[in-house]
Amino acid sequence: MTSKNDLALFGGKKVITSPFKDFSTIDESDEHVAMKVLKSKRLSQYIGDKGQFFLGGKEVRNLENKFARFFQVESAISVNSWTSGLWAAIGALGLEPGSEVITSPWTMAATATTILHWNLVPVFSDIDPNTFNLDIGSVESNISSNTRAIVSPDIFGQSANIELLIKLCQKYDLKLISDTAQSPMATRNGYFAGTKADIGGFSFNYHKHIQSGEGGMIVTNNSEYAERLQLLRNHGEVYLSRLPKSKWKYGILGMNMRLGEIESAIAANQLDKLETSVNSRRQSAEAFTKGLMNLDGLRTPVVEQGNDHVYYVFGLDLDVDLLGVKREKIVRALESEGVMALEIGYQNLHLLPLFREQLTYKGNALPYSLISRKRANFLKRQSLPIAESLHKKSFFGIGWCVFEYSQTEVQLLVEAFQKVWSNLDHLRSE
Ligand SMILES: *Cc1c(COP(=O)(O)O)cnc(C)c1O
């Protein structure tokens, strides 16, 4: 028999009494490579003009070569954030303003805002309730005669169903971009996530598997895209005005998205740690999954056949009807036991006012004024039942890149969950 006041929520003793050790991939070897660049006094060697340094300095190029080899792609193009990378990737497709681009509501905002930046119209599709990646059926049902591309996140650490997405893109003549910010080294049927799309890429911001403070890497096997991406990140027009005429070589709208030499040196050093970091995440997540196996009404991450998960977020889904307890109560009880990095629900980007009310530019309906009023109104009211229900009722996640999650810590987490589950009656009657 359990008694109600066992739960920390009702005054009992907490399972987890001290904070977990923060996860960080930064160590002395990063200090060393950073200092080396600092001492060289060349913190960036980019120039926005013709010449070899249009493509960056030594550290930038070393990082890109190393990435391309590691991920087995033809080209890797570094940028100062993956948001910049998404902006450049979408720009490199060269789509006509007002074209529609399909993406997921369950991703970080940049996946969709960078579509708007090019005056393209984001169209959200529903997600697969098991993997939280785009649902292929919903994507297909959202394709219109005006759809030109799909931006598909590999969310929480797991690859989207890339084969089916590629098939769809072939059928409807669409371009495919993978947002693999959360899933570096996730694999699907032997390929690295992000490398099978027309353009893919990764983030190096400080919460991701590896980091350089800020930074990102775009990958592609298409040499024309690679060239456009290099132009877009470095004031394309300055360089271009000196090159022979061609449609793309004149009038590309560039930006400064250059990564510095110190960040590049750190990111290159971090790449050496990616495998270790991914393996430790996988081990702790698998041990945690096992520990939760016998808990009713709790679904641990579903790893699709052919996929290897790298666990950025440990996503959990509750059967709230079976349990008869609201998610919020369960999460509060877990938090009281000392469980950290819990997050209730995830994004539902399509419901944000920016998209819902089509507020991109103050007082101007661009890019939505470029499509028919009927279509624009449809997008305002669009509902995505799976994403909405997961967010509203049943999903919660644990940030798996926040702490190291040693064996002992995973054991404590399991204990906290077990304890809350054996006290569900007390939560129910509360
Ligand atoms: C982190 C993240 C980004 C943005 O990357 P930054 O390097 O922070 O700009 C984009 N998409 C997803 C899915 C992310 O998790």
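Contact is taken here to mean heavy atoms within 4.5 Å, and helices (H or I, at least four residues) and strands (E, at least two) are DSSP runs numbered from the N terminus. The structure is a predicted model, in which local features need pLDDT of at least 70 and side-chain atom pairs count only at pLDDT 80 or more, while totals for chains, interfaces and linings use all residues. Residues are numbered from 1 along each chain as its sequence is written, and side-chain values use heavy atoms, with hydrogens and water left out.

The buried residues of helix α9 pack against α1 (28–40), α2 (58–71) and α10 (274–291). Buried denotes under 20% relative accessible area, exposed over 50%, and partly exposed the range in between, computed with a 1.4 Å probe on protein chains only. Because nine of the eleven residues of α9 (residues 261–271) are buried, this helix is largely enclosed by the rest of the structure; among them are E261, N269 and Q270 as well as I266 and L271.

In soluble globular proteins, nonpolar side chains tend to be buried together. A nonpolar core is defined as a set of buried Ala, Val, Leu, Ile, Met, Phe, Trp, Tyr and Cys residues joined through side-chain atoms within 4.5 Å. The largest such core holds 39 residues, of which W106, F132, I150, F156 and Y368 touch the most other members. Two or more residues of this core are given by each of α4 (110–116), β3 (121–124), α5 (136–141), α6 (162–172), α14 (373–381) and α15 (385–394), with the largest share, four residues, coming from α6. Leaving aside residues up to four places away in sequence, Y368 touches L116, V121, P122, F355, Q358, T360, A376 and L379. A second, separate core of 36 residues includes V325, L334, Y405 and V410.

T107 lies in the loop between β2 (100–103) and α4 and is buried, with a relative accessible area of 1%. The side chains of T107 and T111 are joined by a polar contact of 2.6 Å, a term for a pair of N or O atoms within 3.5 Å; within protein, one must be able to donate a hydrogen and the other to accept it, and residues adjacent in sequence count only if both atoms are side-chain atoms. With residues up to four places away in sequence not counted, T107 also touches several residues, including P153, D179 and Y346.

The ligand is surrounded by 13 residues, the closest being T83, D179, S203, N205 and K208, where a residue is near if one of its heavy atoms lies within 4 Å. Oxygen atoms of the ligand lie 2.5 Å from a polar side-chain atom of T83 and 2.7 Å from one of S203.
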